[in-house]
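Let's take a walk through this fold, starting with a pocket and ending in the sheet. Have the model open as you read.

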Amino acid sequence: MKPVPIIHMHIPKTAGSTTTTMLLQSFRDEEVFLCGNNKFNLNHYQSNIYFTSLPDEEKARYKFIAGHVEFALIQSYPAPHFSFTFLRNPISRINSMYFYIKQNPRHHLHALLVNDNISMEAFCRLKLWHELDNGMCRRLSGLADAVPYGQCDSGVLEQAKYNLTNNISFFGLQERFNESIFLLLYTLDDLASLEYHRKNTTKVKKNDRSLTGSEHEALAESNQYDLQLYEYARELYAARNKPLTTLLAKPLNSYLLAMKKKEQAS
């Protein structure tokens, strides 16, 4: 494992729980700080405020920081560190989030979606949660919910692009999850953690192609800047990782084949 603190910026519904679970085995309990799941019983929002306000020497005690980390927490970290995140096609991400919330009674929108029978289209149009309005741009720009719902603009997009390019050590793509994980763990010198089981997956699957025209339009309208960010990220990912995928072609392809067989058998 790299001898620097590792910060996982988990954007909701990007296979972040699976990734965190894989890496946890490499750290002692006292070295881990999980936003939203810690001994202080702080939720995600409170965890970010708490950690950001810690003295630098206290922050440095932790070697793995994960959960729904805000960009401000990464900026506040005093020492050299390795930060990473995963991105996902915005249409697929919000689609998955809708069904995940309906299945998860602990989510703050669960009762509303279930009791009021909120449709997918209404889920996007009712302005229920900032995460549904270009949530990836909000998180990566560092602005989070400081921008009112519906008011993200090209400035937010450009800041998100800049931070993704210059201030995040590594990023993967959920659509290329197995490849991204292999490259991440190789970079971290932790290929021993490659074995994994999916966490927090949504039981009800709804293919993007089964969305109605109005549903797809609602998702796209609410996430126009996330769609642009994702296309930028796909191109950057391919260009940035081409040398490594070429160098590691044989072990990488062997791993991808093994994972494909495992997933087909499950």
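Which residues lie nearest the centre of the second largest pocket? They are Asp133, Tyr149, Gly150, Glu221 and Ser222, out of 14 lining residues.

## Ground rules

This is a predicted model, where local features need pLDDT of at least 70, side-chain atom pairs count only at pLDDT 80 or more, and totals for chains, interfaces and linings use all residues. Residues are numbered from 1 along each chain as its sequence is written, and side-chain values use heavy atoms, with hydrogens and water left out.

## The pocket

A pocket here is an open set of points on a 1 Å grid over the protein atoms alone, where a 1.4 Å probe fits, with protein on both sides within 12 Å along at least five of seven lines; lining residues have an atom within 4 Å of a point. The second largest pocket holds about 170 Å³ of space, the volume being what probe spheres set on the points fill.

Helices H7 (120-125), H11 (213-222) and H12 (224-247) each bring at least two residues to this lining, and H11 gives the most, with three. Helices (H or I, at least four residues) and strands (E, at least two) are DSSP runs, numbered from the N terminus.

## The sheet

Five strands make an open sheet, ordered E2-E3-E1-E4-E5 with parallel pairing (strands pair if DSSP finds at least two bridges between them). E2 (32-35) and E5 (170-173) are at the edges with a single partner strand each, so one side of each has no neighbour in the sheet.

E2 and E3 (residues 64-67) run parallel, joined by four bridges; leucine 34 has alanine 66 in E3 as its bridge partner.
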